[in-house]
Amino acid sequence: MPKVVIAFLQNTWVKNPEKLSEIYSRHDEEFRIRMIKLLLFSGGSITGKRLVNAFGRNICNQIIWEEGSPLITDNPRQFVPPEDEHIKKALEKYQPDLVISFGKANEKVIQKLWSGDLLILPHPAARQNGTVARLKSASSKIEEALA
């Protein structure tokens, strides 16, 4: 059986959140998950670029990309707190072998809800020194979890 790695970012942001919300309302949850990946890796976001740079395209394609909150905003700097129930449902649905928490806010919620293998990393777009190096150093652990 294939191994499952799920990664929680903060939330989706796009220039027109109402339009994306309307699109999501016409589709199922699997569509939303596919769209998160598409937006991350096809839109030229700094987050997606850093993730591919750190983990490689192959690993990024194997990870289930999720958000701490399903709320869609129009500003990447707007803080959206993670939603316990949303995260809990994703963990129950996917039963991952490894959970990756990006950012401090998700970390606190996930630690309450998950007792399995957990990797805590800075948000890929964080401006602190060492962010890229910390992401790259986690690549082997993620690759191991997927093997």
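Tutor: Start with the elements that build the lining of the largest pocket. Helix 2 (29–42), helix 3 (46–55), helix 6 (104–113), strand 4 (118–121) and helix 7 (131–146) each give at least two residues to this lining. Helix 6 supplies the largest share, 4 residues. Keep in mind that this is a predicted model.

Now the space itself. The largest pocket has a volume of about 1100 Å³. It is lined by 41 residues, and the closest to its centre are Gln10, Thr47, Pro76, His123 and Ala125.

Follow Gln10 next. Gln10 is one of the residues closest to the pocket centre, and Gln10 is also in contact with Ser69. Find Ser69 in the loop between strand 2 (64–67) and helix 5 (84–94). Is Ser69 buried or exposed? Ser69 has a relative accessible area of 1%, so it counts as buried, the cut-off being under 20%. Beyond its neighbours within four places in sequence, Ser69 touches several other residues, including Asn11, Val80, Pro81 and His86. Its side chain also reaches the backbone nitrogen of Leu71, at 3.1 Å.

Finish with a contrast. Gln95 sits in the loop between helix 5 and strand 3 (98–102). Gln95 is exposed, because its relative accessible area is 53% and the cut-off is over 50%. Gln95 is not a glycine, yet its phi is positive, about 40°.

Note on methods
Residues numbered from 1 in each chain as written. Predicted model: local features only at pLDDT ≥ 70, side-chain atom pairs only at ≥ 80, totals over all residues. Heavy atoms only, no water. Buried < 20%, exposed > 50% of the residue type's maximum accessible area, 1.4 Å probe, protein only. Polar contact = N/O pair within 3.5 Å; in protein donor to acceptor, adjacent residues only side chain to side chain. Contact = heavy atoms within 4.5 Å. 1 Å grid on protein atoms, 1.4 Å probe; cavity = no way out; pocket = protein on both sides within 12 Å on 5 of 7 lines; lining within 4 Å. Points joined across faces, edges and corners; volume = space filled by probe spheres on them.
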